[in-house]
Amino acid sequence: MLILEEMQSRGHESLSLLNHAPSGLRAALAVHSTVLGPAIAGVRLREQDEELAVRGALALSESLTLKAALAGLSYGGGACVLMMPEAGVDDPHAREALFRALGRQMRPLASRVVLTEDIGVTPSDIAFVAQETPATLGMNTDTSAVTGYGVYRGMKAAARYALGAESMRGVRVAILGVGAVGRTLAQYLHREGAKLTVADARLEKAEALANELEGTRAVGADALLDAPCDIVSPCAYGHSIRSVDVPRLQCRLIAGGEHHPLTRRGEVAVKEAGIVYMPDFAINAAGLISAATGADMNHAAERVYQTVTRITQVAEQYDKPPHLVARRMAERRIDLIGSLGRV
């Protein structure tokens, strides 16, 4: 009942558990909304238990609904979170079987759910899914690289509002999570002259990036929250900034590629702390835009830049927090466009 209550409070349409023992497929599929069109479901693969998979799918699917709406796409939001098979997926045949099993189970839902890559999943994996169902996107898109560049462009637009200028030269940016998106973001920021502090749950990854980018400092994931900086950029797996840790932050802006870096309570806490939060669904949409429309990296990132600029303009005009403005913009589009189908 607690899961059903959470679904009801967030407005989810459905939650399914997928299982195929021979391939090791165990997954949670959440569909948040199909009001604007089929739900784009980001597919994630990582080691986690069933409860984390379910809760992750619920959170990610809501974010995808808002992201697609704000980006002007005719899609809803979903998420498919795969639990790592006990035998792993190092064997290429095992990996193929896992994703083809997913595609086979998704085939009856092809008119309602479209799968695309997310953390731990590659375009090649989605190509396996596509052998079993036509409802896929992103096979020919380096989604992580496009997303990272879009976050960089969106961060510049947000910085103009929060810091008074969009130039990143000399700006202190603390990046939490240096996977594909965080690494791409760091490279663009370093090229512009930002002063970087990087962290990751696996410290060696952060240290390797720091060695690659001259002048970059690597710290532990928890220590990053105490780093003096202008911008904190969460690019990890979700809920990286707990509400109890908000008083530790020394930044003026939170802007990163991570889905749901803050809970609703955390959003209230950063507002009270005077920190500007540019929400994930506004700033990390470039990869989704590219996969859904075929737009190249520059065009997709420019759309993110324009969206963030519009959010900050409205926020300044009405003296409202940008994260609340962004949510309202997305919800308004869902209401307005969705109403056309109910006439």
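How much space lies in the largest cavity? I began with this question, keeping in mind that the model I was looking at is predicted.

**Entry 1: the cavity**

I found that the largest cavity holds about 40 Å³ of space, and my count of cavities of 30 Å³ or more came to 1. I then listed the lining of the largest cavity, which consists of Leu66, His260, Leu262, Glu267, Tyr277, Pro279, Asp280, Phe281 and Arg327.

I had already written down Arg327 as part of the lining of the largest cavity. I then looked up which elements give two or more residues to the lining of the second largest pocket, and these are helix 1 (2–10), strand 2 (25–33), helix 2 (50–70), helix 8 (264–272) and helix 12 (322–340). Helix 2 gives the most, with 4 residues. The lining of the second largest pocket divides into 4 nonpolar, 8 polar and 6 charged residues.

**Entry 2: helix 5 against helix 11**

How do helix 5 and helix 11 pack, and at what angle? I noted an angle of about 30° between helix 5 (residues 143–162) and helix 11, with their axes 8 Å apart. Because angles under 35 degrees count as roughly parallel, helix 5 is roughly parallel to helix 11. The crossing of helix 5 with helix 11 is right-handed. I recorded the contact residues, including Tyr149, Gly150, Arg153 and Tyr161 in helix 5 and Tyr305, Val308, Thr312 and Glu316 in helix 11. The residues of this contact divide into 13 nonpolar, 5 polar and 4 charged.

**Entry 3: helix 10 against helix 11**

Last, I looked at helix 10 (residues 286–293) and helix 11 (residues 297–318), which pack at an angle of about 130° with their axes 8 Å apart. Helix 10 and helix 11 are therefore oblique to each other, and helix 10 passes helix 11 in a right-handed crossing. On the side of helix 10 the contact is made by Ala286, Ile289, Ser290 and Thr293, and on the side of helix 11 by Ala300, Ala301, Arg303 and Val304. I sorted the residues of this contact into 5 nonpolar, 2 polar and 1 charged. Going back over my list for helix 5, I saw that Ala300, Ala301 and Val304 of helix 11 also meet helix 5.

Note on methods:
Residues are numbered from 1 along each chain as its sequence is written. This is a predicted model: local features need pLDDT of at least 70, side-chain atom pairs count only at pLDDT 80 or more; totals for chains, interfaces and linings use all residues. Side-chain values use heavy atoms; hydrogens and water are left out. Axes are lines fitted to C-alpha atoms, for helices over the stretch in contact, and angles run from 0 to 180 degrees between N-to-C directions. Angles under 35 degrees count as roughly parallel, over 145 as roughly antiparallel, 65 to 115 as roughly perpendicular and the rest as oblique. A crossing is left-handed if the near helix is turned anticlockwise from the far one by less than a right angle, and right-handed if clockwise. Contact means heavy atoms within 4.5 Å. Ala, Val, Leu, Ile, Met, Phe, Trp, Tyr, Cys and Pro count as nonpolar, Asp, Glu, Lys and Arg as charged, and the others, Gly among them, as polar. On a 1 Å grid over the protein atoms alone, a cavity is a set of points where a 1.4 Å probe fits but cannot get out, and a pocket is an open set with protein on both sides within 12 Å along at least five of seven lines; lining residues have an atom within 4 Å of a point. Grid points are joined across faces, edges and corners, and a volume is the space filled by probe spheres set on the points.
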